[in-house]
Amino acid sequence: MEESSSSSELKRPQFGTRNLSDPQNVFQHNACLSSWFSCLHIRYDPTRFRKKPALKETCDGRTLKNQEDVWHHNAWDNVLWDEKQVEAAEAKLKLNSSSFMDEEVALKYEKEASQFWDTFYSTHENKFFKDRHWLFTELPELCSEHLESSSATDATKASAPCQLAGFRILEVGCGTGSTVFPLLEANTLKKSFVFCCDFAPKAVELVKSNPEYDPARCHGFVCDISEDNVKFPFPENSLDVILVIFVLSAISPEKFSSTIVQLSRQLKPGGRIFFRDYGRYDMAELRFKPGKCISEHFFVRGDGTRVYFFSQDELRKLFEGAGLVEEQNVIDRRLLVNRGKQLTMYRVWIQCKYRKPT
């Protein structure tokens, strides 16, 4: 037994002698020196040593000019679709929209829409959506001190903090505050007031319970903007900016027009609506299974929430039909890349900016 023990000790390397000189030998021992842990980690990252060209930022963003370079980055901007891609997308859409959902079932999702979103926020709370700091790049008006309204009420006459604000913003469908709190954090918005609403009570509750929520600079309230004659906590013609970001797509298409008209009445002359939402042939639209289609381009997700996919032309008709002037209406086709799994995902969003005439 002593010889066996002694022999075992001779075979066991001493501390500091079990070095990993070749990563290919990593599975020959159960442990190696901690100084080599970073080397071990690279075996799980197949892209670590892949050639990554220097990023050349242009006014068009990160553009994919050569299809062979697709794996060089995680995302590409302004990706052009060829005829084959469009035909393939149309074929998938034709399949998953081959039959519409029963009217009674569709009506259930309409009547209980706020409940489904309330359950969504109760489940995910504020862990699902990332803060939208990109908003200041896309909408520089939000971070400009030169655009304060000249109609701010004098401090001696003001009865509420919002009346002192020189710049008033409304975000509809605020969720848990992924837009609200970046707005409040911006130093340039100290003289602004942010109204935010959602038709899911849980979402508004989460916004108000956030430590960064400041009643002196923000007011959250429950509201369904698709209803007629909504009573807002501010007068008509008083807002500088209304943010409609991934919100309209959750509303029934037959209510689009009345919703935009109602929101446009809240803008002061020269005020703007900023819109961003899902576009036709987005990856999410093409992934739906048959039986999930409520109507053309309108689907219900597995959690009961609904989503619509827009085209540029119909958005132009909606906003211009409400008397607004187009400043921007663009498609953002983006290619997302999972380099580890060698997967490509095509996202399509539409971004618009419309102004109320002076």
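Colleague: How many of the 358 residues of the protein count as buried, as a percentage?

Modeller: This is a predicted model, and in it 42% of the 358 residues count as buried. The secondary structure comes to 12 helices and 11 strands. Of the contacts between residues at least 6 apart in sequence, 71% join residues at least 24 apart.

Colleague: Which residues touch the most other members of the largest nonpolar core?

Modeller: That core has 40 residues, and Leu170 and Val244 touch the most other members. Leaving aside residues up to four places away in sequence, Val244 touches Val172, Leu263, Ile273, Phe274, Phe275 and Arg276. Another core, of 19 residues, lies apart from the largest one and includes Leu142, Ile169, Leu243 and Phe274.

Colleague: Turning to helix packing, at what angle do α5 and α9 pack?

Modeller: Helix α5 (residues 113-124) and helix α9 (residues 201-209) pack at about 40°, and their axes are 7 Å apart. Angles under 35 degrees count as roughly parallel, and 65 to 115 as roughly perpendicular. The two helices α5 and α9 are therefore oblique to each other.

Colleague: Which residues make the contact between α5 and α9?

Modeller: Helix α5 contributes Asp118, Tyr121 and Ser122, while α9 contributes Pro201, Lys202, Ala203 and Leu206. Sorted by class, the contact has four nonpolar, one polar and two charged residues.

Colleague: Is Asn329 buried or exposed?

Modeller: Buried means under 20% relative accessible area. Asn329 has 8%, so it is buried. The residue sits in strand β10 (residues 325-338).

Colleague: Which side chain joins that of Asn329 in a polar contact?

Modeller: The side chain of Tyr354 does, at 3.1 Å. Not counting residues up to four places away in sequence, Asn329 touches Gln312, Leu315, Arg316, Ile350, Gln351, Cys352 and Tyr354.

Colleague: Where does Asn229 lie?

Modeller: Asn229 lies in the loop between β4 (218-222) and β5 (239-245). Asn237 is also found in the loop between β4 and β5.

Colleague: How does accessibility class these two, Asn229 and Asn237?

Modeller: Exposed means over 50% relative accessible area, with partly exposed lying between that and the buried limit of 20%. Asn229, at 67%, therefore counts as exposed. Asn237 is at 41% and so counts as partly exposed.

Conventions
Residues numbered from 1 in each chain as written. Predicted model: local features only at pLDDT ≥ 70, side-chain atom pairs only at ≥ 80, totals over all residues. Heavy atoms only, no water. Axes fitted to C-alpha atoms, helices over the stretch in contact; angles between N-to-C directions. Helix = DSSP H or I, 4+ residues; strand = E, 2+ residues; numbered from the N terminus. Parallel < 35°, antiparallel > 145°, perpendicular 65-115°, else oblique. Contact = heavy atoms within 4.5 Å. Nonpolar A, V, L, I, M, F, W, Y, C, P; charged D, E, K, R; others polar. Core = buried A, V, L, I, M, F, W, Y, C linked by side-chain atoms within 4.5 Å. Buried < 20%, exposed > 50% of the residue type's maximum accessible area, 1.4 Å probe, protein only. Polar contact = N/O pair within 3.5 Å; in protein donor to acceptor, adjacent residues only side chain to side chain.
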